[in-house]
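Please look through the model below before reading on.

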Amino acid sequence: MIQFRKFVKLADKLILNRANNHVSSIFFTHNFQNNNIKNTQFRMNSSLIINVNPKRNDFTLSNDSFKINFIQHHKRFYNQDTNASSVWDPYPVPTNPLIDKSAETALDQENYKKSHPHGQRPPSSPQSGRNKYNIPIFNLFSPRVNDAILTTVMGIAAVGFGGVMYHTWYEWHEVRKVLQSFLKPAYLLKSKIKETYFARDEYQEIFSVIAGDTKGKYYLLVGENGTGKTQLVLRAMDIVNHYGVVFCEAHSDPEIFKTRLGRALNYTFREDYIGGLFAREAPERGSALLDVEKALNIVEEVAYKHNLRHGRPFVLIINNIHNFKDDEDGCDLLELLQQRAEAWASSGFVTMVFNTDDYSVYERMKMDATHMETIRVHDLETNDAVKYLKEKRRGLESEEELMHIVKNRIGGRLSHLNRLTKVPDADIYEAISQLEDEERTWLINAIGLIPNFDGPEYESQKYAVAAWKLIREMIKSPTKSVTLSMGRDITGNPRYLKKLDHDGIIIIDTENHIKPDSQISINFFEEVINSKGFGEKLAKVEKRLEQVEKDERTRELIWSNKNKRSWWI
């Protein structure tokens, strides 16, 4: 008993000497057998246990004092069998020993021994012996670290799930917007002409195409500038209330055409996609052709689903495709559109309609055309033009006067007829004279002959001479036309024929005939060809062309003898 009291005093002294003197609990298990002390445990600061056992090398009695061996260990894991704090100390106290057994565990073992007196071993604690190293994965870190990991994982999962949901919604929204562009009318596209003036067969065919009644083809509308091709298409769109039809205007710049196509289809080429802020922009992103291809892919997806439900093809109209340049970019863009038109015509769920003023476009598309059908749009017939003028002029002129005006002066060009009916009460003959003067001025500026031209005008005068040679042969012909092969022989350069057609001076129809552009042009050409001195003027320009060409090919070498030294030449 004296020894035990000395031990308690020594332990208390050790405890009181610790920093801050924080003692959470002291538990004694003692038995006064075998030197009156069997086992004594002190538990301090929830982490310090002092074990004193009467075994060899555990304590010895010398000079009336005990030698206490401490087991030092860093507590790094949460002990679920105690009421200790669950905060991991990153800077542990070096003297903190390993928690081998808590007070609750010791009481449970004593109670188990009392209830099982036959010597059965109590179940081992999860953290005793070898089992104390079988630590669950959730106990590898402190609760704060576990909370941080769980929060991070949940945050990443929420962001990922939100990103997938946003991407799915965005794809659905893009398809829906393109679908709405075909179903909702474009109120800015309105026709100014009534359908009563388009009673001919080709007009009825166009109405059938726009209404979606035809499948398996795509169409090319060819006609002179001002014949009413665009107004005809817009009128057909008004009849169907723009249902299933999208109208897009072509442009020489592929980037501008891409923007116009996206505006017509209500497609932004994924420029408003938020995911693009977190992605590297692709190197091929700057290609306008690639963006046009992506837009057509969306159209194909939308048209396919709509065709399955309703059995009606969509109609995509590209107006004025002659604006595409005859260079590499323009040819690639036209080829892209025609290839997609061929594929859609085979499937039958999209019908494409191209509108052009130039015959050269027809030649370019004809090489790869399999399902293409060409519709030629001409001027109004004389009777239709007279009927149109009579209604718009409110009967101010007689039918004979209108017949003479249409047949001999302005023809059936719809743009010219609209000029005469712009102001119904104005003098019609004054309007005709003004129209003829404007046309005459335009032709003179385009192909006027200059006998004494300077060198820089060589190409323009060469083009003018070729044009007047062709015009002279057309005017002399009874039909006011020549064949395309004759035109190539007369001009000597097929490129001039394409330029004349593009400039609106001549017409090249699908029957390979070349004609003057309009009745006003025919009257002006006849006036110039039959004028006195036209042949001499044309010959002078040709002679001047030969002289300029000779001067460009000739080089003069001048030798100087001012200095008579032998080495000077």
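A nonpolar core is here a set of buried Ala, Val, Leu, Ile, Met, Phe, Trp, Tyr and Cys residues joined through side-chain atoms within 4.5 Å, where buried means under 20% relative accessible area, exposed means over 50%, and partly exposed covers what lies in between, with a 1.4 Å probe and protein chains only. The structure is a predicted model, in which local features need pLDDT of at least 70 and side-chain atom pairs count only at pLDDT 80 or more, while totals for chains, interfaces and linings use all residues. Residues are numbered from 1 along each chain as its sequence is written, and side-chain values use heavy atoms, with hydrogens and water left out.

The secondary structure of the chain comes to 18 helices and 12 strands, these being DSSP runs (H or I of at least four residues for helices, E of at least two for strands) numbered from the N terminus. Of the 569 residues in the chain, buried ones make up 37%. Taking contact to mean heavy atoms within 4.5 Å, residues 24 or more positions apart account for 69% of the contacts in the chain with a separation of 6 or more.

The largest nonpolar core has 75 residues, and those with the most contacts inside it are Phe257, Phe354, Ile447 and Trp468. Helix H14 (residues 458-476) gives the most to this core, contributing 11 residues.

Helix H13 (residues 428-447) packs with helix H17 (residues 519-529) at an angle of about 60 degrees, with their axes 10 Å apart; axes are lines fitted to C-alpha atoms, for helices over the stretch in contact, and angles run from 0 to 180 degrees between N-to-C directions. On the H13 side, the contact is made by Leu435, Glu436, Glu439, Arg440, Leu443, Ile444 and Ile447, and on the H17 side by Ile520, Ser521, Phe524, Phe525 and Glu527. An α-helix has 3.6 residues a turn, so residues three or four places apart point the same way. The buried residues of H17 are Ile520, Ser521, Ile522, Phe524, Phe525, Val528 and Ile529, and what covers them includes helix H11 (399-410), helix H12 (414-420), H13, H14, strand S12 (513-516) and helix H18 (534-553).

Asn512 is placed in the loop between strand S11 (506-508) and S12, and it counts as partly exposed because its relative accessibility is 34%. Asn512 and Val482 are 30 residues apart in sequence and 8.8 Å apart in space, C-alpha to C-alpha. Asn241, in the loop between helix H5 (229-239) and strand S6 (245-249), has a phi near 60 degrees, a positive value in a residue other than glycine. Asn266, which lies in the loop between helix H6 (254-265) and helix H7 (288-310), has a positive phi of about 60 degrees although it is not a glycine, and its relative accessibility of 39% makes it partly exposed.
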